[in-house]
Amino acid sequence: MAELNEKQILDKLFKAGEDDSIPKRKVTIERIGLSFLMSGLREGKIEQLERRFTTTTKIRGREETHLDEKRFNRAIVAEATLAIGDNPNVRFNHPELLRKYKASGPEAVVKKVLLAGEIAQLADVVLDLSGYYDTAKEDEEIKNSLPNED
């Protein structure tokens with residue numbers, strides 16, 4: 001990779017902060033016959049959802065936390081769905097879906113429409129797009145320049 005100057009580095013960092021730089025992927029749920037355009041989520045949004053679905057209890061003076069993964073997965077699927085069936089006007093918060101399923105919010109619609117495994121698959125896609133399953137690429141030059149530990 002060619003060496004970058006300061007302006008090029010800053011430009012790349014500025015671009016990474018823009019919403020259009022967030023990865024997206026279309027996933028088709030065969031059972032339903034519809035595609036779902038999923039987006040990665042920024043760390044702040046994932047942290048907010050984790051806090052919302054984490055409970056803390058005190059047991060013998062120790063605090064223990066528990067993340068309700070099922071509810072968390074439904075929330076990230078609802079949050080990260082940009083379009084259903086290639087239509088950006090149809091998302092899990094669509095008024096007709098909320099009304100039909102008598103749902104209090106988009107997470108309840110996700111629970112009514114999708115099977116447990118489908119929710120887990122879409123949540124995995126969102127986490128992957130959010131960089132959770134990526135591994136940082138090491139530059140060979142730097143890795144190989146480290147002294148051997150004998």
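This briefing covers the fold, the sheet, the helix packing and a few single residues of the protein above. The model is predicted. Its secondary structure amounts to seven helices and five strands. Of the 150 residues in the protein, 26% count as buried.

**Overall layout**

- Along the sequence, the elements follow the pattern α-β-β-α-β-β-α-β-α-α-α-α.
- Among contacts with a separation of 6 or more, 51% are between residues 24 or more positions apart.

**The sheet**

- Strands of a sheet pair through backbone hydrogen bonds, and the pairing can be parallel or antiparallel.
- Here three strands make up an open sheet, in the order 1-2-5, with antiparallel pairing.
- Strand 1 (24–29) and strand 5 (81–84) are the edge strands, and each of them pairs on one side only.
- On average, and with direction ignored, neighbouring strands of this sheet are turned by 25 degrees against each other.
- Strand 2 (residues 34–39) is joined to strand 5 by three bridges, and these two strands run antiparallel.
- M38 stands opposite T81, a residue of strand 5.

**Helices on the sheet**

- Helix 3 lies across strand 2 and strand 5, and runs at about 70 degrees to strand 5.
- Helix 6 (residues 116–129) also packs on the sheet, where it touches strand 1 and strand 2.
- The direction of helix 6 makes about 165 degrees with that of strand 1.

**Helix 2 against helix 3**

- Helix 2 (residues 43–52) packs with helix 3 (residues 69–80) at an angle of about 145 degrees, and their axes are 10 Å apart.
- The crossing of helix 2 with helix 3 is right-handed.
- From helix 2, the residues K45, I46, L49 and E50 take part in the contact; they meet F72, A75, I76 and E79 of helix 3.
- By type, the residues of this contact divide into five nonpolar, three charged and no polar.

**Helix 5 and its two sides**

- In an α-helix, residues three or four places apart point the same way, because there are 3.6 residues a turn.
- E107, V109 and V110 are the buried residues of helix 5 (residues 106–113).
- Seen down the helix axis, the buried residues of helix 5 fall within an arc of 160 degrees, and therefore line one face of the helix.
- These buried residues pack against helix 2, helix 3, helix 4 (95–100) and helix 6.
- The exposed residues K111 and K112 sit on the face of helix 5 that is turned away from its buried side.

**Single residues**

- Leaving out residues up to four places away in sequence, E118 touches I29 and R31.
- A16 belongs to helix 1 (residues 6–16).
- A16 counts as partly exposed because its relative accessibility is 42%, and that class lies between the buried limit of under 20% and the exposed limit of over 50%.
- Apart from neighbours within four places in sequence, A16 is in contact with S21 and R42.

How values were computed:
Residues are numbered from 1 along each chain as its sequence is written. This is a predicted model: local features need pLDDT of at least 70, side-chain atom pairs count only at pLDDT 80 or more; totals for chains, interfaces and linings use all residues. Side-chain values use heavy atoms; hydrogens and water are left out. Axes are lines fitted to C-alpha atoms, for helices over the stretch in contact, and angles run from 0 to 180 degrees between N-to-C directions. Helices (H or I, at least four residues) and strands (E, at least two) are DSSP runs, numbered from the N terminus. A crossing is left-handed if the near helix is turned anticlockwise from the far one by less than a right angle, and right-handed if clockwise. Contact means heavy atoms within 4.5 Å. Ala, Val, Leu, Ile, Met, Phe, Trp, Tyr, Cys and Pro count as nonpolar, Asp, Glu, Lys and Arg as charged, and the others, Gly among them, as polar. Buried means under 20% relative accessible area, exposed over 50%, partly exposed in between (1.4 Å probe, protein chains only). Two strands pair if DSSP finds at least two bridges between them. The arc is that of the directions from the helix axis to the C-beta atoms.
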